[in-house]
Amino acid sequence: MHIHIGGTKSGKPVKITASRQMTLSHILEEASERKGIEMIGIIDAHSPEVQEELTDLIQQGLAVPHESGGITYKQTMLILGCEVEIKEAGRGEAHFLCYLPGLSEMRQFTAWLAQRCKNVTLSSQRIATTTRELQLFVASLDGLIVPAHIFTPHKGLYGSCTDHLAEVADPALIAAVELGLSANTEMADRLSELHPYTFLTNSDAHSLGKIAREYQAIRMVQPCFAEWKKALQRAEGRGVAINYGLHPRLGKYHQTACQACKSPLPAEGDGRCPACGFKRVVRGVAERIEQLADLPAGNHPHHRPAYVEQFPLDFIPGLGKKTREKLFAAFGTEMNIIHRVAPQQLEQVVGETLAQLILMARNGALDVVAGGAGTYGKIATKQSSMTKEQNL
């Protein structure tokens with residue numbers, strides 16, 4: 001539910017840092033055919049040219065607006081969203097995801113944004129408003145607001161803006177919170193003020209391959225905006241059933257690290273990197289949560305679903321593009337390969353060594369070198385023989 005568009009059909013940029021392959025049509029195909037995702041959120045749907053492309057698809061009969069919100073394209077339900085940046089006075093920046101029922105509401109939102117930002121065609125623009133004003137306007141359009149990647153040091157609500165949500169926002173108008181790639185449920189639930197909220201695990205995808213590195217299984221009658229809203233509110237039996245998240249140590253900001261050489265930094269010290277002497281520290285998510293936590297690990301509200309840590313295929317050493325293509329040809333979607341395909345079937349396609357790595361990832365048995373300061377973590381290339389014997 002957090003996928004960026006890199007460029008429009010005509011080639012104009014939307015999310016500057018995203019791949020130009022991230023066009024609307026490519027995203028829909030990747031989500032449906034490769035990843036097996038039945039509902040996605042495009043959070044650059046405010047861009048006028050993206051809206052024009054959607055309108056063309058609707059006029060051609062290729063996309064159909066759903067009566068309860070959202071747009072159906074083949075087997076995928078598209079929820080329209082927008083990511084914005086707000087800088088509260090005297091504080092750092094924070095990103096928010098705004099989801100709206102349909103194109104009419106999104107066009108109204110675009111008109112409102114255009115009066116408050118420099119370039120409404122681009123993604124994640126800073127807007128001249130407050131969080132509470134944004135909340136009220138989105139609510140007037142029957143929309144939903146979710147703080148994005150809340151713990152990350154760059155543009156996360158807790159990572160760079162505030163110690164407490166209520167200091168900058170109306171807690172009653174927050175629909176859910178997005179954990180980000182470097183945190184999991186066990187970490188986030190150490191903040192008691194987050195217990196009332198549904199947790200979202202979204203990919204924040206800037207390239208096609210990154211779609212669904214995080215996602216959630218949702219109890220809904222059918223995929224559409226109205227059901228998505230009920231799921232976030234946990235109303236009428238709807239809700240997030242399982243969070244599938246990246247192993248948090250693989251995230252780019254899990255540990256505190258040096259901006260220059262990426263070396264992990266000790267909790268004690270003067271903030272200067274002991275490896276290179278550089279004094280520019282990027283505080284990690286794990287350390288930030290430790291600072292804010294008012295509960296020990298293991299405290300969860302009754303509604304909190306299971307969190308399944310997953311290793312996307314492109315993180316697994318030795319599993320290159322051609323091998324992934326063989327797996328897709330044999331088993332369909334990445335979710336089948338990661339979670340469901342039998343060991344013997346995997347081995348027949350990719351051999352014993354790679355099959356074992358996929359199974360170790362599935363069982364949570366891989367050693368991970370933590371990421372930090374904007375660099376992803378990675379799977380250790382040499383796994384202990386003991387770990388292999390225990391899990392194969």
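**Entry 1: the open sheet**

I began with the three strands that form an open sheet in the order S9-S10-S13, and I noted that their pairing is mixed. The model I am reading is a predicted one. S9 and S13 are the edge strands, each pairing on one side only. I looked up how the neighbours are set: on average, neighbouring strands of this sheet are turned by 20° against each other, direction ignored.

Next I took S9 and S10 together. S10 covers residues 239-246, and five bridges join this strand to S9 in an antiparallel run. For a landmark on screen, I picked Arg219, which stands opposite Gly239 in S10.

**Entry 2: S5 and S6**

I then moved to another antiparallel pair, S5 and S6, joined by four bridges. Cys98 stands opposite Ile145 in S6.

Are the faces of S6 covered or open? Both faces of this strand, residues 144-147, are covered. I found Leu144 and Val146 buried on one side, with Ile145 and Pro147 buried on the other.

**Entry 3: salt bridges**

I looked up the total for the structure and got 16 salt bridges.

My opening pair was Arg34 and Glu325, whose side chains meet in a salt bridge at 3.0 Å, N to O. Arg34 lies in helix H1 (residues 24-35) and Glu325 in helix H9 (residues 321-331), so the pair ties together parts that are 291 residues apart in sequence. How accessible are the two partners? Arg34 has 28% relative accessibility, so I logged this residue as partly exposed. Glu325 is partly exposed too, with a relative accessible area of 32%.

Then I turned to Glu167, which forms a salt bridge with Arg91; their closest N and O atoms are 3.3 Å apart. Here both partners sit in loops: Glu167 between helix H5 (157-161) and strand S7 (177-178), and Arg91 between strand S4 (76-87) and strand S5 (93-100). The pair links distant parts of the chain, 76 residues apart. Glu167 counts as partly exposed at 38% relative accessibility, and Arg91 is partly exposed with a relative accessible area of 28%.

The last pair I followed was Asp314 with Lys210, a salt bridge whose closest N and O atoms are 3.4 Å apart. Loops again hold both ends: Asp314 lies between strand S13 (306-310) and H9, and Lys210 between strand S8 (199-200) and strand S9 (215-219). I noted a separation of 104 residues for this pair. Asp314 is partly exposed, at 32% relative accessibility.

Which residues are linked in a network of salt bridges? I wrote down Glu85, Glu93, Arg126 and Lys155.

**Entry 4: the largest pocket**

I went on to the open spaces. The largest pocket holds about 630 Å³ of space. It is lined by 31 residues, and the closest to its centre are Lys15, His149, Asp204, His206 and Lys252.

What does the lining of the largest pocket look like by class? I found six nonpolar, 15 polar and 10 charged residues.

**Entry 5: the second largest pocket**

About 470 Å³ of space lies in the second largest pocket. I listed the residues closest to its centre: Ile37, Glu38, Met39, Tyr215 and Gln216, from a lining of 25. Strand S1 (39-42) and S9 are the elements that give two or more residues to this lining. Which element gives the largest share of the lining of the second largest pocket? My note says S9, with four residues.

By class, I have 15 nonpolar, six polar and four charged residues in the lining of the second largest pocket.

**Entry 6: Asn363**

To finish, I looked up a single loop residue. Where is Asn363 found? This residue is in the loop between helix H11 (343-362) and strand S14 (368-369). Asn363 is partly exposed, with a relative accessible area of 43%.

Methods. Residues numbered from 1 in each chain as written. Predicted model: local features only at pLDDT ≥ 70, side-chain atom pairs only at ≥ 80, totals over all residues. Heavy atoms only, no water. Salt bridge = Lys/Arg side-chain N within 4 Å of Asp/Glu carboxyl O. Buried < 20%, exposed > 50% of the residue type's maximum accessible area, 1.4 Å probe, protein only. 1 Å grid on protein atoms, 1.4 Å probe; cavity = no way out; pocket = protein on both sides within 12 Å on 5 of 7 lines; lining within 4 Å. Points joined across faces, edges and corners; volume = space filled by probe spheres on them. Nonpolar A, V, L, I, M, F, W, Y, C, P; charged D, E, K, R; others polar. Pairing = 2+ DSSP bridges. Axes fitted to C-alpha atoms, helices over the stretch in contact; angles between N-to-C directions.
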